[in-house]
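Here is a short report on the salt bridges of a predicted protein model. Look at the sequence and the structure, then read on.

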Amino acid sequence: MTSSSSRWVIPVIAAAVCMALLAPAASARDDAVTSFDGTRIVLSFFPAEGLQAGQKAPTVLIGPGWSSARDSDQDSASSDMTGSTGIGPLRRAGYNVLTWDPRGFGESGGTVQVDSPAYEGRDVQALIDFVARQPEARLDRAGDPRVGMSGASYGGGIQLVTAAIDPRVDVIAPDIAWHSLVTSLYKAQSPKSGWGSALFALGVEGSTIPGVPAGETGNLDPHITSAYTSGLAYGSFSDEDVAWFAARGPGALVERIRIPTLLIQGTVDTLFTLDEATTNYRILRSNKVPSRMIWFCGGHGACFTDGGPAGWVEDQTLRWFARYLKGQKGVTTGPRFEWIADDGQVRSAADYPPPVQRVTAASGSGILAVNPDAASSGALIAATPSALGLHLPITAPAVGSQIVGPPKLALSYSGLGTGSSVPVYAQIVDKARNLVVGNVATPVRLTLDGLPHAATFTLEEIAASVGSGSSYELQIVPASSLYAPQRVAGLVDVTSASLSLPVAGG
């Protein structure tokens with residue numbers, strides 16, 4: 001290069017650098033897509049923080065919770081209570097973010113189908129088509145953007161659904177999601193009426209806009225209303241409603257997922273309890289899918305114990321995306337299973353379930369009376385200790401031990417009542433703190449025909465750390481406010497009750 005040419009090249013390079021520095025940053029914008037059936041789905045698109053014109057980044061889709069409209073704050077924060085990661089941290093980490101109003105909610109039209117693969121799943125496919133057309137979106141190939149998904153609850157379920165039906169999704173981090181709406185809302189044929197009432201009211205509110213005639217923006221599928229009213233009136237769902245809910249959300253679709261999946265679940269979540277995540281995890285692991293599961297003190301419920309390190313779930317989520325969405329192979333994502341027990345400490349295991357011993361911790365017998373007029377224990381979304389029912393002391397495992405996983409209850413009994421089948425509720429009480437471990441109660445359905453019966457029941461999974469002052473009690477109560485009111489009167493003679501706990505070393 002001659003000195004003469006150098007005099008021209010240097011100013012040209014300097015000018016190019018100045019133009020790059022002065023180029024406007026990509027701006028956030030609202031838009032909408034038309035889904036497969038003509039339904040309008042409204043969205044917001046937020047380019048990564050500092051992204052300049054011409055630069056590209058991977059995109060994360062964040063779905064909102066049930067009944068909610070999209071997050072429209074480009075700097076929204078994460079939530080330690082729900083485990084959700086905000087738009088702000090994702091944009092600062094170098095991701096574009098797309099949020100949307102799900103079908104039937106907010107400004108989007110259509111009928112709410114509860115994360116159906118045939119409806120909401122196809123809506124998200126239209127959103128991915130939209131991302132592929134954005135100038136800020138990094139593409140793997142034409143029409144295939146580099147896409148991850150985040151979001152809690154309803155926004156978690158849609159991740160599992162979409163990952164199963166659209167190979168363009170590269171990584172997901174479903175937070176406080178579910179496997180089956182039947183096992184979560186109708187466990188042991190017992191309607192979860194506490195949450196059911198709240199969800200129905202929120203659904204009606206979320207599918208309407210003040211001043212807009214009903215049906216012009218969105219509405220609820222009739223099965224949602226019929227299940228709610230039937231659960232209140234009769235304590236049961238129709239076979240048709242059960243089949244409808246079984247077809248919504250992930251369920252069998254999890255078998256089709258092949259992309260890296262971070263499952264995030266709450267130890268005090270009484271709507272989508274821990275077993276919803278562990279069911280999904282086992283399926284993914286059996287199919288050799290890169291997967292990880294973490295438990296935190298939060299979710300659909302209230303954390304009454306030490307919640308552990310602030311920002312822990314956000315950090316795990318960002319690491320997962322850095323490794324599998326950005327492809328940064330040097331980023332460590334941690335062991336396959338980590339959890340925060342009720343002492344606020346983070347513990348880990350190479351896989352789930354961790355190595356545990358089954359320890360018989362309670363045994364006894366007694367008479368259990370059930371009566372529709374008896375008061376239910378607990379609040380609408382949290383179990384609490386009860387003065388009623390059969391109470392058996394639990395021999396606490398060694399100090400430092402971890403109770404992690406599902407307790408099992410073996411019963412031998414006989415009984416008679418005004419109905420041939422009765423649900424009662426098993427819960428483990430932390431007597432030192434005067435609360436139910438995990439706030440969860442498990443419906444246990446018994447046969448009342450006067451004949452002897454023996455059965456073993458798997459209780460809701462829990463995470464408890466045994467301290468020097470720990471004291472526990474098994475309670476089998478006649479009614480729980482988490483579920484529909486008791487409708488049977490009768491007596492159950494429990495000739496033998498035995499509780500075993502999954503115990504890991506300290």
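Arg168 and Asp129 join their side chains in a salt bridge, 2.6 Å from N to O. The term means a side-chain nitrogen of Lys or Arg within 4 Å of a carboxyl oxygen of Asp or Glu. Arg168 sits in the loop between α4 (154–165) and β9 (169–172), and Asp129 in helix α3 (residues 120–132), so the pair ties together parts 39 residues apart in sequence. Helices (H or I, at least four residues) and strands (E, at least two) are DSSP runs, numbered from the N terminus. Arg168 is buried at 15% relative accessible area, while Asp129 is partly exposed at 34%. Buried means under 20%, exposed over 50%, and partly exposed in between (1.4 Å probe, protein chains only).

Two further pairs follow.

| Pair | N to O distance | Relative accessible area |
|---|---|---|
| Arg285 and Asp351 | 2.8 Å | Arg285 24%, Asp351 23% |
| Asp343 and Arg347 | 2.9 Å | Asp343 23%, Arg347 22% |

Asp37, Arg103 and Asp123 are linked in a network of salt bridges. The whole structure holds 19 salt bridges.

How confident is the model? The average pLDDT, the predictor's confidence in each residue from 0 to 100, is 93. Residues 1–23 have a pLDDT below 50. Where pLDDT is low, the predicted coordinates should not be read in detail.

Residues are numbered from 1 along each chain as its sequence is written. In this predicted model, local features need pLDDT of at least 70, side-chain atom pairs count only at pLDDT 80 or more, totals for chains, interfaces and linings use all residues, and side-chain values use heavy atoms, without hydrogens and water.

Methods. Contact means heavy atoms within 4.5 Å.
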